[in-house]
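Visitor: I am new to this one and would like a guided look. Could we go through it together?
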Amino acid sequence: MSHVKTAMIIWSVLALGLVIYYVCLRQHVLRIQDPRGEVYGAAALTVVTLGGLLAALVIRIVTAFLHRPAAAAAISLQISLLTGALLILMVALSQVTAFTPAVEGPDPISELRSVTVNGRTEWLSLRGQDRSKPVLLFLSGGPGGSQLVTARHCFADLERDYVVVTWEQPGAAKSYSAISPADITLDTYLSDGAAVTEILRREFGQDRIYLMGESWGSALGLMMAREHPEYYRAFVGTGQMIDFLETERIDYQMALEDARRTGDRKLVDKLEEQGPPPYKSGIALKTNAYLSPLYGTSARTGQLHGATFSTMDGPYGVEYGLLDKVSFFWGLYRTFDSFYGKLYPIDLRQCAAEQQIPIHIFHGRYDYNAPAGLVEDYYARLSAPRKSLVYFEHSGHNPWQTENELFIDHVRQAFAESA
């Protein structure tokens, strides 16, 4: 009985410590921005919980077989239940206390906010040194991807001149549960994007806002600008997607030829076995099979700059609770797998080449994921009040991360022309 009492005292102290850390210390005292230690702590609690349950089961079976008392099984089970309860508390606290770090300025805004969008709960990050500045809405890549934390790091300098808003799209990370991935359609993104824009226009009293998108977000942005040009001042697209099915066919063939050239027999066999797109099932894994090697192809040019903060660093941000961190990866897989095939018929050369706002495309010279040939073909057909196509000579698919300062300079210049 004394062991149980001691265990409960220890549990109570640890639980109180967790509450104090999450509610008081983390944001306001320690000002943590990269809570990797919390992830490791949660992983350790998970191992102890599952290990305790397994140990209790094994002990119980062995002692029953030997006809001996199973006191050790009871102790192991108690430990497992206590650590499990501690883990549940930690997960809950991490979710409800998620935040975006403070911004300093004359009239700053730094909010991590849930909003109701067409009856769904989705999330926004709003950051700027002066809330009276123009609003800039950033659309992450994907679909199902989240760059909410990466945008905070990479667009920090833009917070001087804009209220930078990152929309966590349905099916992605914090907005994963907004809708079942299987139910997402292109209209879901377009109607939700328009609704988010309307929320921002109304709240900040601005008739038009700026729009920027990366990869999948670049295509979404062009379609949003086409549907509601009255909402936006100008658009910047990077890692610009144009024709989804043709892009996948080009990327597949490029990866296959590169694997043959470098003697990667395993990759050649894998790609030949799955065949070229389009795919009807297993889209996420089959697409990744040829997209991932293309990053290596870009790197072998020796021209790429490294990213100080990349998309895959994002899950460690304080904006994400422990469940959000799981949803970050699960949403990217499930939403991409369910929705991407619906984009195969989309060719922006046919449906979004007539634009009524300035369009600026910032493209990595070695972006093999979004073929430059398609981008240049689109640009040649593009009709807009003002347009530009800028190549970044030391980047692949993500110049906003790898040539960040230069990218920011070009964004400021492009948007200044439309002020």
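Guide: Let us begin with a term: buried means under 20% relative accessible area, exposed means over 50%, and partly exposed lies in between, with a 1.4 Å probe and protein chains only. This is a predicted model, in which local features need pLDDT of at least 70 and side-chain atom pairs count only at pLDDT 80 or more, while totals for chains, interfaces and linings use all residues. Residues are numbered from 1 along each chain as its sequence is written, and side-chain values use heavy atoms, with hydrogens and water left out.

Visitor: Is arginine 349 buried or exposed?
Guide: Arginine 349 counts as buried because its relative accessibility is 12%.

Visitor: And which residue does arginine 349 meet in a salt bridge?
Guide: Its partner is aspartate 377, at 2.8 Å from N to O. A salt bridge here is a side-chain nitrogen of Lys or Arg within 4 Å of a carboxyl oxygen of Asp or Glu. The pair links distant parts of the chain, 28 residues apart: arginine 349 is in helix α11 (residues 348–351) and aspartate 377 in helix α12 (residues 372–381). Helices (H or I, at least four residues) and strands (E, at least two) are DSSP runs, numbered from the N terminus.

Visitor: What else does aspartate 377 meet in a salt bridge?
Guide: Aspartate 377 also meets arginine 381, at 3.1 Å from N to O. Both lie in helix α12, four residues apart, about one turn of the helix. An α-helix has 3.6 residues a turn, so residues three or four places apart point the same way. Aspartate 377 is partly exposed because its relative accessible area is 24%, and arginine 381 is partly exposed at 41%.

Visitor: Which residues are linked in that network of salt bridges?
Guide: The network joins Asp243, Glu246, Asp347, Arg349, Asp377 and Arg381.

Visitor: How many salt bridges does the whole structure have?
Guide: A search finds 29. One of them pairs glutamate 38 with arginine 26, whose closest N and O atoms are 3.0 Å apart. Glutamate 38 sits in helix α2 (residues 36–66) and arginine 26 in helix α1 (residues 2–28), twelve residues apart. Both glutamate 38 and arginine 26 are buried.

Visitor: New topic: how big is the largest pocket?
Guide: Its volume is about 1000 Å³. Of the 43 residues that line this pocket, Leu291, Tyr295, Leu332, Asn369 and His397 are the closest to its centre. On a 1 Å grid over the protein atoms alone, a pocket is an open set of points with protein on both sides within 12 Å along at least five of seven lines, a cavity is a set where a 1.4 Å probe fits but cannot get out, and lining residues have an atom within 4 Å of a point. Grid points are joined across faces, edges and corners, and a volume is the space filled by probe spheres set on the points.

Visitor: Which helix gives the largest share of that lining?
Guide: Helix α9 does, with eight residues of the lining of the largest pocket.

Visitor: Lastly, why does the span of helix α3 agree with its length?
Guide: At 1.5 Å a residue, the 26 residues of α3 (residues 71–96) should span 38 Å, and the end C-alpha atoms are 38 Å apart. The expected span is 1.5 Å times one less than the number of residues.
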